[in-house]
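Please open the structure in your viewer and keep the sequence panel beside it.

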Amino acid sequence: MKKSLLVKIGIGAAAVVALVFVGLVALIAFFPKDVAVREIERQVEASTERKLDIAGDFSFSIWPALGFSAGDVTLSQPAGFEGEPFLKADRVVFAVALMPLFSGDIQVRKLYLDAPQLNLIGRADGSGNWEFPTAEPKPGEEQQELKALRLEDVRVTDGRLIFQGAEGAPLVAEDIDASLSLDSLDEPAKANGSLRYLNQPLRFEAVIGAPRAVLTQEKTPLTVSVDNDLVNLDFDGEADTTTGNLSGTAEAQGDSVRRLLAWLGSPLPPGDGFERYSGRAHFLRDAQAMRLTRGTFALDEITATGDLTILTASNGRMTINGALASPRVDVNPYLPPPPQAPASAEAGDAAAVNVETAWANDPIDLSGLRAMDANLNISIGELLFQKMKFQNARLALRLNGGVADARLTQIQLYGGAGTARLVADARQSATRIAAELDVNNIQAEPLLTDAIGFDRIQGRGRLVASVVGQGSSQAALMRTLRGNAAFNFNNGAYKGVNLAQIGRQVQALREGNMLAASSAGAGAETDFSAFTSSFTIADGVAVTQDIQMLSPYIRLSGGGLINIGEQSLDMRLVPRAVGSGAGQGGSSSVDGYGVPFRARGPWSRISFAPDLEDAMRSLVQEQARRALERSDLGDLGILFGLGRTPAATETPTDAPIAEAPAGDVPPTAPSDGTTPPDTPAPTPTPQEEKSDEQRALEALGGLFKQRGN
């Protein structure tokens, strides 16, 4: 009896289970799906204040997981935002474990988003369409918290993300494939995937250390890694889920800044440099700025340490402030190629410059200065600009709207020190450059050799300059320079000509002799105790009229021009032999005989040649002046030896004597006043010394003979 009852109960229970199962199957098969769709749409709209539209096919399941599959799904923008829907997807699949729901445990078995497109819109005030309303608890009601969450299989396939800021073009990420896994709210959540941004693939990984903190709006550990062929970026720190602030260590590196900037839409002009880069610093991001502190940075061969602050305005314009220190900066890789020596230059002649191609004609493109603003203080142990070398430089760099203002508030170079300033204005197609320099106690030869390839001057002194130019190439800039400059060098030498030898030739000329020693050449040089000049510069040509060189027994004055644009010079210099040994501190206005000469040609091959026409003119004028000062007769008579006849008691030591042509004998006047026949001229005794005027005019006669031969 009992056994029969148990059998009947078992059969009845089985029938009930079968009936329930059949009912569930029938419910799933015959349940009006449009009712389910409308209810889902109503619940989503009530909780998100956005309209959900499921236009495609729809299906749902109860066992073994509660879920649904919907096609052609769109979620509208919130009130006040227009444009494309906030979210649209070809298909959404969602399934959760049924039984854990009764204990408040959500286990998402599946969440698939197939070809989703997410449209994010940000406003100038910082608000965005990604903000969702949160339900506030009713009075006396506790805030409900999610007890447990598990994500087993969450995937995005072929997604697209569009972000439109307050200004500028939208940012678009495409081909997004990503997955997310989470075992519990108290264990790290892991995400990884790939996407395409600006036609470049990008891989990413992220780990959220405390997922529950995201729900409770607290801080959570966060690590992010992003890399592709252009950049490797790593962040290890924490995120404040309430403010969105980030704090931690950031590190970036890559093979080419050029390729990176071109990818980001700010290409650099063609050239060398701006390749491998790296940086590591403590990173802090808040609503106002990104701050990099205790950083180490590297670009090509340049390394630096310091702090940077990056500000981004509402219009997207970036400003960088901070302070950096670098042991060595070589800017040559970022400049046009330096001038090359001509094929005719001797081996090892570093100063030889090819005038035809010395200044580059390649376009200067400084448009990158318009990309951002900056306010940087930079300390540099050694700065290399072309061949110039600066030590212990303190640079204040300001970038503002395409104008770069670099002030070297402290600089040491070539044994001296001073200040300098360089301003580059890239607001127009033709770049405008202004430069100022004031340095003292510098060594002239290495400075001028490295700066402009001019290696003729040795010594120490001061150099000041203020110039400005404008052009689309280096050559155009040099041909438009204007401004002024001056130098004052002491205790040195001018190489290539021996002015003291020229002075001795002048002295020998006064005495009627001619020295054969060469005064110009590779080994010739002129020692000086002071060498000064000032220049006015216009259209790339520096003009001077006050060249002065003081040296024992020689004074030099002159003027001329230095054609900076063509790298040549044309100078007229007048060395004067004097009877004073005073050098530095001596008078530059001295009475002496000078032979003008011309220094001209390209800087690499300056030639020196006496200006004989000017030399003879000067000598004649000098002798005529002296003769007039010492005679009461006419100038022509004095010049040709027809001066005052001395008395019988006078010794005619001061009478000028004109040299007669060879073979002719000047007549002598007898005491009776008659004209005697031609007789040989008396030979002067040793006591009858010739005056300066006599010797000079004799030498002058010799010069005329030489010119006639």
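The protein exposes about 40400 Å², and carbon and sulfur atoms supply 56% of that area; accessible areas here come from the Shrake-Rupley method with a 1.4 Å probe, and for residues only the protein chains shown count as cover. Before going further, please keep in mind that this is a predicted model, in which local features need pLDDT of at least 70 and side-chain atom pairs count only at pLDDT 80 or more, while totals for chains, interfaces and linings use all residues. Residues are numbered from 1 along each chain as its sequence is written, and side-chain values use heavy atoms, with hydrogens and water left out.

**The whole protein**

Colour the model by secondary structure, and you will find ten helices and 31 strands, where helices (H or I, at least four residues) and strands (E, at least two) are DSSP runs numbered from the N terminus. Of the 709 residues, 35% count as buried, a word that means under 20% relative accessible area, whereas exposed means over 50% and partly exposed lies in between (1.4 Å probe, protein chains only). Among contacts between residues at least 6 apart in sequence, 49% join residues at least 24 apart, a contact being heavy atoms within 4.5 Å.

**First stop: S69**

Select S69, which is found in strand β3 (residues 65–75). Is S69 buried or exposed? With a relative accessible area of 15%, S69 is buried. Now show the side chain of R91 as well, since the side chains of S69 and R91 make a polar contact of 2.7 Å; such a contact is a pair of N or O atoms within 3.5 Å, where within protein one must be able to donate a hydrogen and the other to accept it, and residues adjacent in sequence count only if both atoms are side-chain atoms. If residues up to four places away in sequence are not counted, S69 touches D57, F58, S59, R91, V92 and V93.

**Second stop: R203 and D227**

Move on to R203 in strand β10 (residues 200–208), a residue that is partly exposed because its relative accessible area is 38%. Which side chain meets that of R203 in a salt bridge? The partner is D227, at 2.8 Å from N to O, and a salt bridge here is a side-chain nitrogen of Lys or Arg within 4 Å of a carboxyl oxygen of Asp or Glu. The pair links distant parts of the chain, as D227 lies in strand β11 (residues 219–227) and R203 in strand β10, 24 residues apart. D227 is partly exposed too, with a relative accessible area of 21%. Leaving aside neighbours within four places in sequence, the contacts of R203 include G193, S194 and S225. R203 and V226 are 23 residues apart in sequence, yet their C-alpha atoms are 5.8 Å apart in space.

Select residues 302–312 and 318–330, which are strands β16 and β17, pairing in the antiparallel sense over eight bridges; two strands pair if DSSP finds at least two bridges between them. Within this pairing, T305 has A325 in β17 as its bridge partner.

A polar contact of 3.2 Å joins the side chains of E382 and R328. Apart from neighbours within four places in sequence, E382 is in contact with P327, R328, V329, F390 and Q391.

How many salt bridges does the structure hold? There are 20 of them. In one, the side chains of D438 and R462 meet at 2.9 Å, N to O, and this pair links distant parts of the chain, with D438 in strand β22 (residues 431–443) and R462 in strand β23 (residues 457–471), 24 residues apart. D438 is partly exposed at 29% relative accessibility, and R462 is partly exposed with a relative accessible area of 42%. Next, select R598 and D570, whose closest N and O atoms are 3.0 Å apart in their salt bridge. To finish, select R109, R150 and E152 together, as these residues are linked in a network of salt bridges.
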